[in-house]
Amino acid sequence: MADGHGLRLLNPGPVTMTERVRRALASEDVCHREPEFRDLVASVRTRLRDVYGEPDYTAVLLGGSGTAAVEAMLSLVGRDETALVVANGVYGERIAAMLEAQGKAHEVVRSAWTSGIDLEAANAALATGRFQRVLTVHHETTTGRLNDVGALGVLAREHGATMLLDAVSSFAGEALRLVEWNIEALAATANKCVHGAPGVSFVLAQNAALARAPSNGGATSVYLDLARHAADQARGSTPFTLPTHVTRAFDEALAELEDDGGWRSRHATYAERSKQVRAVCAELHAHPLLEGQADYGATLTSFRLPPAVTYEDLHAQLKHDGFVIYAGQGTFAGAIFRIAVMGALSAGDLERLARSLRRALG
Ligand SMILES: *Cc1c(COP(=O)(O)O)cnc(C)c1O
């Protein structure tokens, strides 16, 4: 690659890992039934709970990508309940598809993918009193929008419902006020803002929600039965084989997050990187897809492709220079490109990226 560097991943996960985390991946082999692995899982779960310092929540570690964690979290939707999904992108739609596959009653409040979540329509739906759970996506990676989960959580509380949140691309990178926002549980993954390796994910749930879970009949899968994983992990066990080396790397990534100053400092780093990327793109007439800068979170920006530039050409030029960017999904395929700024990136990487973008778009 250019300047002798490896590829830098600017897709929204998996991210470029630090050497420290990569070394942990090559750690000694361990049996998942031995005390040393039990201690490792306990360490990961404690560190996860402490990222936002929420004492009344418990982290449940799962083998699988972020989607597995979201699907396991849906164990908390009981079979006799009705869920409200508030969607404005691919990942909100995926939650609805999971509820459909699980045969659980639900309705979807949709808004245009370039708009925020529709709080008015959500409020009207909640006012019918039919919903016990409200599901949405915090950072909708489809566009890079940070949804107003706090406002939705307050509406849900007013109508006696609790929130289940897809925080897969925001956990450790954005502010999350779990109690204040009425979040009963969230799902996230190792390999986005935490900078671990792909292969493990987790649900962070209120202790009371986990205590209630075994009796609500919400588990529709043996592998992704959240209550079973929670009960086993509380006993220092795990129902199935976890990816042991990936778990070791996750613990190291969480330790590194702590050493780096926690989610606040990571958020500040991402915000600064995104500011630089947006400034270069503005200069090159690649305009943000969303109207307001304030609509975006810190981790990712979606840009409209300038006329006469195809995604394939842009991707190829940037990859030649050592960077992997990301295409649009769904209706945005071929119309936008996305640049995420998670992972191990140096100031020099960002300067090289700016030069590469100027070559490709200038
Ligand atoms: C990445 C992502 C997921 C899950 O993706 P996996 O490929 O299963 O890890 C879910 N929701 C959001 C918002 C995401 O960004």
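Residues are numbered from 1 along each chain as its sequence is written, and side-chain values use heavy atoms, with hydrogens and water left out. Because the model is predicted, local features need pLDDT of at least 70 and side-chain atom pairs count only at pLDDT 80 or more, whereas totals for chains, interfaces and linings use all residues.

**Overall fold**

The chain has twelve helices and 14 strands; helices (H or I, at least four residues) and strands (E, at least two) are DSSP runs numbered from the N terminus. Its C-alpha atoms fill a box of roughly 60 × 55 × 30 Å along the principal axes. For 362 residues, a compact globule would have a radius of gyration near 21 Å, and the value of 20 Å for the chain agrees with this. That radius is taken over C-alpha atoms, and the globule rule is 2.2 Å times the number of residues to the power 0.38.

Of the 362 residues, 56% count as buried. Buried means under 20% relative accessible area, exposed means over 50%, and partly exposed lies in between (1.4 Å probe, protein chains only). Among contacts (heavy atoms within 4.5 Å) between residues at least 6 apart in sequence, 73% join residues at least 24 apart.

**Nonpolar cores**

A nonpolar core is a set of buried Ala, Val, Leu, Ile, Met, Phe, Trp, Tyr and Cys residues joined through side-chain atoms within 4.5 Å. The largest one holds 81 residues, of which Phe171, Leu186, Phe250 and Phe337 touch the most other members. Beyond its neighbours within four places in sequence, Leu186 contacts residues including Met73, Leu165, Phe171, Phe202 and Leu204. A second, separate core of 34 residues includes Val60, Leu62, Tyr91 and Ala205.

**Salt bridges**

Here a salt bridge is a side-chain nitrogen of Lys or Arg within 4 Å of a carboxyl oxygen of Asp or Glu. By this rule the count comes to 20.

| Pair | Closest N and O atoms |
|---|---|
| Asp349 and Arg8 | 2.8 Å |
| Glu19 and Arg22 | 3.4 Å |

Asp349 forms its salt bridge with Arg8. Asp349 lies in helix α12 (residues 347-361) and Arg8 in strand β1 (residues 8-9), so the pair ties together parts that are 341 residues apart in sequence. Asp349 is buried at 2% relative accessible area, and Arg8 is buried at 15%.

Arg359 is exposed at 52%, whereas Asp321 is buried at 6%.

Glu19 and Arg22 both lie in helix α1 (residues 19-25), three residues apart, about one turn of the helix. Glu19 is partly exposed at 49%, as is Arg22 at 35%.

**A three-stranded sheet**

An open sheet has the strand order β11-β14-β13, with antiparallel pairing; two strands pair if DSSP finds at least two bridges between them. Strands β11 (300-304) and β13 (326-327) stand at the edges with a single partner each, so one side of each is left without a neighbour in the sheet. Between β11 and β14 (residues 336-340) there are five bridges. Leu300 stands opposite Ala340 in β14. Helix α10 (residues 262-283) packs on the sheet, touching β11 and β14, and its direction makes about 10° with that of β11. Axes are lines fitted to C-alpha atoms, for helices over the stretch in contact, and angles run from 0 to 180 degrees between N-to-C directions.
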